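Hi everyone, thanks for coming.

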Amino acid sequence: MKFESTRSYVAPADLIVAVNAAVTLERPLLVKGEPGTGKTELARQVAQSLGLEMVEWNVKSTTKAQQGLYEYDAVSRLRDSQLGDPRVNDVKNYIRKGKLWQAFEADQKVVLLIDEIDKADIEFPNDLLQELDRMEFHVYETGETIRARHRPVIIITSNNEKELPDAFLRRCFFHYIKFPDAQTLRAIINVHFPDLKEALLATALTQFFEIRETPGLKKKPSTSEVLDWLKLLVAEDLQPEDLTRKGADLLPKLHGALLKNEQDVHLFERLAFMARRER
């Protein structure tokens, strides 16, 4: 069971090694990187490459670890008891299975994605340590123990918004997805835009990397954003000279796909103003 790049996902060699190492060790793969570098998509592509189903758990700021196991709906049971519903006699009717439970009871091995784990509170990763280690958990309301039929391939993503506990990190295989270099980014773009003219691609990439390397930029544009930008360039049928032709504000064409806050827009406006003064 080896992961490789797919038709729609170009995985660098070090990422392929990391995924396969995590699969071999049967440890969760913790993936960090800039937003938009394909961390979430990686899980989908791993599932596709290995021929497995995927269970996706999207973590929010309000998510608790217990929700990944199961939730007991005591309110509904109380309401049904007041209405004389016979369902109240079986507590299992009020147990809602979480994503870990779904992954554990699957008939075949699955890929379990725990997406953006750093959004939850600091106790969230620690609360999952035993379940991820032992591949089992206890349901107190029914007295049963749920054990994984097949150990899932677990991929955990983080945008580095907060530090994760050392005890949790010790149990993971870690990989940081670096922003792709020009050659890798070309390969990624060719997957999505195989018919893009070379002259337009070369000009667009030059301008894109100039934007990313601009000192003082608050948010650097990501891989997903350059793909959105190129999609717009193609839709508008722009030519290479259109990208290099500077307007009054000297902002990049369709800059809203690349610059995502007013501070960065103002930065480019100031740079343009200074460039005009120096002429």
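Let me start with a definition: a charge sits over a ring if NZ of Lys or CZ of Arg is within 6 Å of the ring centre and within 35 degrees of the ring normal. Please keep in mind that this is a predicted model.

With that in hand, look at arginine 212: its charged end sits over the ring of phenylalanine 179, 3.6 Å from the ring centre. There is another case at arginine 87, which lies over the face of tyrosine 94, at 5.1 Å from the centre of that ring.

Now let's step back to the whole chain. It has 13 helices and nine strands. The radius of gyration is 24 Å, well over the 19 Å that the globule rule gives for 279 residues, so the chain is more spread out than a compact globule. Along the principal axes, the C-alpha trace spans about 80 × 45 × 35 Å. Buried residues make up 45% of the 279 residues. As for contacts with a separation of 6 or more, 73% of them are between residues 24 or more positions apart. The accessible surface comes to about 15,300 Å², and 49% of that belongs to carbon and sulfur atoms.

Back to the rings. How many aromatic pairs does a search of the whole structure find? The count is eight. In one of them, tyrosine 70 and phenylalanine 137 have ring centres 6.4 Å apart and planes at 20°; planes under 30 degrees apart count as stacked, so this pair is stacked. The two partners come from distant parts of the chain, 67 residues apart: tyrosine 70 is in strand S3, residues 70-72, and phenylalanine 137 is in strand S6, residues 136-139.

Next, the nonpolar cores. The largest has 31 residues, and the members touching the most others are Leu100, Phe124, Phe137, Ile156 and Phe168. Among the elements that give two or more residues to this core are strand S2 (53-58), helix H5 (99-105), strand S5 (110-115) and strand S8 (153-158). Which element gives the largest share? That is H5, with four residues. If you zoom in on phenylalanine 124 and leave aside neighbours within four places in sequence, you'll find it in contact with Trp57, Val59, Thr63, Lys64, Ala65 and Ile117. There is also a second, separate core of 27 residues, which includes Leu185, Leu230, Leu258 and Leu267.

Let me finish with a residue from a loop. Lysine 60 lies between S2 and H3, and at 56% relative accessibility it counts as exposed. Not counting residues up to four places away in sequence, lysine 60 touches Lys119 and Ala120. Its C-alpha atom is separated by 9.0 Å from that of aspartate 115, 55 residues apart along the chain.

That's my tour, and I'm happy to take questions.

Definitions and conventions: Residues are numbered from 1 along each chain as its sequence is written. This is a predicted model: local features need pLDDT of at least 70, side-chain atom pairs count only at pLDDT 80 or more; totals for chains, interfaces and linings use all residues. Side-chain values use heavy atoms; hydrogens and water are left out. Rings of Phe, Tyr and Trp (its six-membered ring) pair if their centres lie within 6.5 Å; planes under 30 degrees apart count as stacked, over 60 as edge-to-face and the rest as tilted. A nonpolar core is a set of buried Ala, Val, Leu, Ile, Met, Phe, Trp, Tyr and Cys residues joined through side-chain atoms within 4.5 Å. Buried means under 20% relative accessible area, exposed over 50%, partly exposed in between (1.4 Å probe, protein chains only). Contact means heavy atoms within 4.5 Å. The radius of gyration is taken over C-alpha atoms; the globule rule is 2.2 Å times the number of residues to the power 0.38. Accessible areas come from the Shrake-Rupley method with a 1.4 Å probe; for residues, only the protein chains shown count as cover.
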